[in-house]
Amino acid sequence: MAQQERAVRTRRAVLEAAATVFAEHGYTAATVADILKAAGVTKGALYFHFDSKEALARGVLEVQTNQPLPEQEIKLQELVDVAMSVAHRLRFDPVVRAGARLSADPAGRQQYGSAWPAWVDLITQIVSAARERGETLGHVVPREIAELVVGAFNGVQLYAQLETGLKDVEYRISVLLQHLLPSIASPSVLMRLDVAADRGERLVRETAALVPEPA
């Protein structure tokens, strides 16, 4: 069991190091040597888990939607929570920043894919459940809304990256949701949604407190 735990921790350390390098330099400029240096592991340990830089990029993308968030009484609040928690994590989590940069790389994504389809699938599920509960307006098509949210989020995130280095990304995403949700949510649901700029920070702090410390 101890050996298995070490392997899990090593894999996570390699992924986080790769994410840090990808987020800073982009896929093309990043090198395995840079990632090895950042991870502080041997080449053998890295290649045990990932056999190429391309595999490392795919590994970073595969964990983008692995963010445990609490279920909410209102399903559309879960849509808000996904967006706001990602906005918060963009500022502090290199894995999320790398996922955004890798997914938006026109050349690189042809080799390793993109996290956008996974985000679209996740949000489609949330909006579908919200529609079944009568939380949405009648015209809402879940997948169309999911694609709109993902596209708009990435546009706002890129704008915040270029303008302020992501310092105000949570505020900007909050503004986006405030203008987008009236075209999605029924009025009675809309007035109950928490889209405050600090919503993501509160959620991340809350969920972190529920995760046990590693032995």
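Guide: In this predicted model, H5 and H6 pack with their axes 6 Å apart and at an angle of about 105 degrees. Angles of 65 to 115 degrees count as roughly perpendicular, and H5 and H6 are therefore roughly perpendicular to each other. On the H5 side, the residues that meet H6 are Val 86, Arg 89, Leu 90, Arg 91 and Phe 92. On the H6 side, their partners are Pro 94, Val 96, Arg 97 and Ala 100. Sorted by class, this contact of H5 with H6 holds 6 nonpolar and 3 charged residues, and no polar ones.

A search for cavities of 30 Å³ or more, run over the whole structure, finds 1. The volume of the largest cavity is about 210 Å³. It is lined by 18 residues, and those closest to its centre are Val 86, Trp 119, Val 150, Phe 153 and Asn 154. At least two lining residues of the largest cavity come from each of H5, H6, helix H8 (116-132) and H9. H9 gives the most, with 5 residues. The lining of the largest cavity has no charged residues; it is made up of 13 nonpolar and 5 polar ones.

The pockets come next. The largest pocket has a volume of about 530 Å³. Its lining counts 16 residues, with Arg 12, Asn 66, Pro 68, Arg 89 and Asp 93 nearest the centre. By class, the lining of the largest pocket divides into 8 nonpolar, 4 polar and 4 charged residues.

The second largest pocket has a volume of about 340 Å³. It has 14 lining residues, and Ala 100, Arg 101, Gln 157, Leu 158 and Gln 161 lie nearest its centre. Helix H6 (94-103) and helix H9 (142-164) each supply at least two residues of the lining of the second largest pocket, with the largest share, 4 residues, coming from H9. This lining has 7 nonpolar, 4 polar and 3 charged residues.

One further element is worth a look, helix H4. Of the 10 residues of H4 (residues 53-62), 7 are buried, so H4 is largely enclosed by the rest of the structure. The buried ones are Lys 53, Ala 55, Leu 56, Ala 57, Gly 59, Val 60 and Leu 61. Leu 56 has a relative accessible area of 0%. Beyond its neighbours within four places in sequence, Leu 56 is in contact with Val 14, Leu 15, Ala 18, Phe 22, Ile 35, Leu 46 and Phe 50. Leu 56 and Ala 17 are 9.9 Å apart in space, C-alpha to C-alpha, and 39 residues apart in sequence.

Definitions and conventions: Residues are numbered from 1 along each chain as its sequence is written. This is a predicted model: local features need pLDDT of at least 70, side-chain atom pairs count only at pLDDT 80 or more; totals for chains, interfaces and linings use all residues. Side-chain values use heavy atoms; hydrogens and water are left out. On a 1 Å grid over the protein atoms alone, a cavity is a set of points where a 1.4 Å probe fits but cannot get out, and a pocket is an open set with protein on both sides within 12 Å along at least five of seven lines; lining residues have an atom within 4 Å of a point. Grid points are joined across faces, edges and corners, and a volume is the space filled by probe spheres set on the points. Ala, Val, Leu, Ile, Met, Phe, Trp, Tyr, Cys and Pro count as nonpolar, Asp, Glu, Lys and Arg as charged, and the others, Gly among them, as polar. Axes are lines fitted to C-alpha atoms, for helices over the stretch in contact, and angles run from 0 to 180 degrees between N-to-C directions. Angles under 35 degrees count as roughly parallel, over 145 as roughly antiparallel, 65 to 115 as roughly perpendicular and the rest as oblique. Contact means heavy atoms within 4.5 Å. Buried means under 20% relative accessible area, exposed over 50%, partly exposed in between (1.4 Å probe, protein chains only).
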